[in-house]
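Take the questions in order.

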Amino acid sequence: MIPDALMERIRQAPEEGLVLASRVRLARNLEGHPFWETDTLAGQEQTYLELEAFRSQHFPDLELVADSSCRQETLSLLVERLELPQPLRLRSGASWAAYQEVSGARGMLLNDEDHLRLWSQRTGCDLLGCLEDLSDWEETLRDHLTLARDARWGWKTWSPSALGSGLQAGVLLFLPALRWTRRIESTRNALEAMGFLLQPVLDSDADTALLAVANRMSLGITEAELAARLEELVGRLVAEEHRALDDLTQQQELELRDGVARAEALLAASRLMTRSEMLRRLELCAMGSRLGWLPANRARLAVLLHLVTGNAHLEGLAGAVSREALPSLDDLRAGAVAKAWLARE
Amino acid sequence: MLNEKDCSACGFTWSRFLREEHLGCPACYDAFRSLLVPMLRHHHRGGDVQPEPMNLREQVRSHRRQEWVRRQDAAIAREDYEEAGRLRTLLADES
């Protein structure tokens, strides 16, 4: 049920699964080519063919992950499992493709909103390492393509929000104690004031402890400075999460112990479970695990189950069974969670 | 006929930008330059001049060196010579 690469990444995540993964994305565009939305179909195809010819010459070993022939369900599943970066939209007629290395550590999107988007990801908080991983690729682009660049504003991007470095850097965090102490909103506001964002990893989960902290600004700062600033913020967020968990245990230890014990039992035994209910119970178990009340592997398992029990994944499972036999996804979700929860690693 | 707020390269309009928050082509940045300036300053917190592009690996190494020097100075200031020595070794290995 759980992809091996994702399992491994989360198993290695430091801070008991609090800091899961880092990802950077660099946007670059071809001079003289419209962005896909304003281009004609013939123009989109032409741009794509140019990019594809470049890709096959300089990056021939990359594997095709998805392209314009994919169904929306397939794309949603890849995004849900964090195998492809968001946003990735199905566009009728337009040619685009996503490639990545076999390891999944680096990849590139051709003719998405920007003509080229390179990405790399690492376990834990290591944005500077992610940048290093993209160094050679980015040099190859600069050496062999005529890229759109402004003397004052740097790399020109589809959206002016990524102008300058073209960098979007993000770290995936699991912060249940901040959510349970209702501090996510104030944390988000404080980060926004500093030019950073704290957002749910999956758009469909508005109220979640699985969050990505990312840069909002990208102009007037080098890639390394931006990545370093974000890494520093991650350290502060982790400290805040520890503080929130301390506060919870000092102020409501009995209630928390009770909640953890109930959640542990219900995750293993429920026959129906909404996504929202599941998220709350997983958060409680993750906190219980960090406090030593539950086995140590529970915190990481909670994160994994966040990622592999999304609607796209469950709908994929449902596709293998008769639709009529499935009134909702809640029974599939409960079954998948119980199976994983009862399994001993 | 294009009006003063259209991009001559792709025909994208400023009103469409305000609606969709993206541009039509790289040349739009020149077509809408004066209109974009205040928005960029707001979004990017005042930064409106991008440093010249540098090799990413070099940027990272340079940043790490600066950070190690800063931490070495701090270690010396608090008389933590073991940590200062460790950082000195890192710096020597890197250069």
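**How the two chains meet**

Chain A and chain B together bury about 3800 Å², with 55% of it on carbon and sulfur atoms. The model is predicted.

Q: How many residues does each chain bring to the contact?
A: Chain A brings 49 residues and chain B brings 37 residues.

Q: What makes the pair D136(A) and R57(B) a salt bridge?
A: The cut-off is 4 Å between a side-chain nitrogen of Lys or Arg and a carboxyl oxygen of Asp or Glu. In this pair, N to O is 3.1 Å. That is within the cut-off, so the pair counts as a salt bridge. The rule finds five salt bridges across the interface of chain A and chain B.

Q: How many residue pairs are in polar contact across the interface of chain A and chain B?
A: The rule finds 27, with both residues at pLDDT 80 or more. Helix 5 of chain A gives the most to the side of chain A that touches chain B, with ten residues. By class, that side has 20 nonpolar, 14 polar and 15 charged residues.

Q: Why does the salt bridge of R64(B) and E132(A) join two chains?
A: The side chains of R64(B) and E132(A) meet at 3.0 Å, N to O. R64(B) lies in helix 4 of chain B and E132(A) in helix 5 of chain A, so the pair joins two chains.

Q: Why is E132(A) called buried, and why is R64(B) called partly exposed?
A: Buried means under 20% relative accessible area, and exposed means over 50%. E132(A) has 14%, so E132(A) is buried. R64(B) has 24%, which lies in between, so R64(B) is partly exposed.

**Within each chain**

Q: What makes E283(A) and R179(A) a salt bridge?
A: Their side chains meet at 2.8 Å, N to O. The limit is 4 Å, so the pair qualifies. E283(A) and R179(A) are both buried.

Terms used. Residues are numbered from 1 along each chain as its sequence is written. Chains are lettered from A and ligands numbered from 1 in the order in which they are written. This is a predicted model: local features need pLDDT of at least 70, side-chain atom pairs count only at pLDDT 80 or more; totals for chains, interfaces and linings use all residues. Side-chain values use heavy atoms; hydrogens and water are left out. Contact means heavy atoms within 4.5 Å. Buried area is the accessible area (1.4 Å probe) that two parts lose on being put together, summed over both. A polar contact is a pair of N or O atoms within 3.5 Å; within protein, one must be able to donate a hydrogen and the other to accept it, and residues adjacent in sequence count only if both atoms are side-chain atoms. Helices (H or I, at least four residues) and strands (E, at least two) are DSSP runs, numbered from the N terminus. Ala, Val, Leu, Ile, Met, Phe, Trp, Tyr, Cys and Pro count as nonpolar, Asp, Glu, Lys and Arg as charged, and the others, Gly among them, as polar. Buried means under 20% relative accessible area, exposed over 50%, partly exposed in between (1.4 Å probe, protein chains only).
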